[in-house]
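Biologist: I have a model open on my screen and would like to learn how to read it. Could you walk me through it?

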Amino acid sequence: MYCYCCNQNYAGLFSSLCDPCHKIRHLQSVYGVDRVLEVLQNVLVRDHSKQTLKIDAELKKEKVEIEKKIACIVTRSAKNS
Ligand SMILES: [Zn+2]
């Protein structure tokens with residue numbers, strides 16, 4: 001049976017999604033459908049040569065946000081102890 005989402009890859013007998021689409025679905029559950037769509041549109045709707053630069057920029061942006069959250073958690077836990 002072909003994948004219900006991409007309709008290109010074999011999904012298996014007991015699954016409706018192929019492995020890559022399972023990974024996309026997992027990202028949607030972690031980041032939300034709107035955020036995943038926003039990143040895909042911002043990154044993929046570009047010249048191929050500029051996609052790598054945009055991917056690096058998106059990863060840096062995500063890294064900064066994660067580091068801010070971690071710093072906030074560390075500060076809060078230091079105040080509580
Ligand atoms: Zn698929």
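Predicted model: local features only at pLDDT ≥ 70, side-chain atom pairs only at ≥ 80, totals over all residues.

Biologist: Fine. What are the length and span of helix 1?

Modeller: Helix 1 has 13 residues and runs 18 Å from its first C-alpha to its last, close to the 18 Å expected at 1.5 Å a residue. Just after helix 1 comes Gly32, with a positive phi of about 95°.

Biologist: How do I describe the way helix 1 and helix 2 pack?

Modeller: Two packed helices are described by the angle between their axes and the distance between those axes. Here, helix 1 (residues 19–31) and helix 2 (residues 33–44) cross at roughly 120°, and their axes come within 6 Å.

Biologist: Which residues meet there?

Modeller: From helix 1, Leu27, Gln28 and Tyr31 meet Val33, Arg35 and Val36 of helix 2. By class, that contact has four nonpolar residues, one polar and one charged.

Biologist: And what about helix 2 with helix 3?

Modeller: Their axes are 8 Å apart, at an angle of about 145°, with helix 3 covering residues 48–80. Val39, Asn42, Val43 and Leu44 in helix 2 meet Gln51, Lys54, Ile55 and Glu58 in helix 3. The residues of this contact divide into four nonpolar, two polar and two charged.

Biologist: Now Leu13: is it buried or exposed?

Modeller: Leu13 counts as exposed because it has 6 C-beta neighbours inside 10 Å, and the cut-off for exposed is 12 or fewer. Leu13 sits in the segment before helix 1. In sequence, Leu13 and Met1 are 12 residues apart, while their C-alpha atoms are 6.4 Å apart in space.

Definitions and conventions
Residues numbered from 1 in each chain as written. Axes fitted to C-alpha atoms, helices over the stretch in contact; angles between N-to-C directions. Helix = DSSP H or I, 4+ residues; strand = E, 2+ residues; numbered from the N terminus. Contact = placed C-beta atoms within 7 Å. Nonpolar A, V, L, I, M, F, W, Y, C, P; charged D, E, K, R; others polar. Buried ≥ 20, exposed ≤ 12 C-beta atoms within 10 Å, placed from the backbone. Expected span 1.5 Å × (residues − 1).
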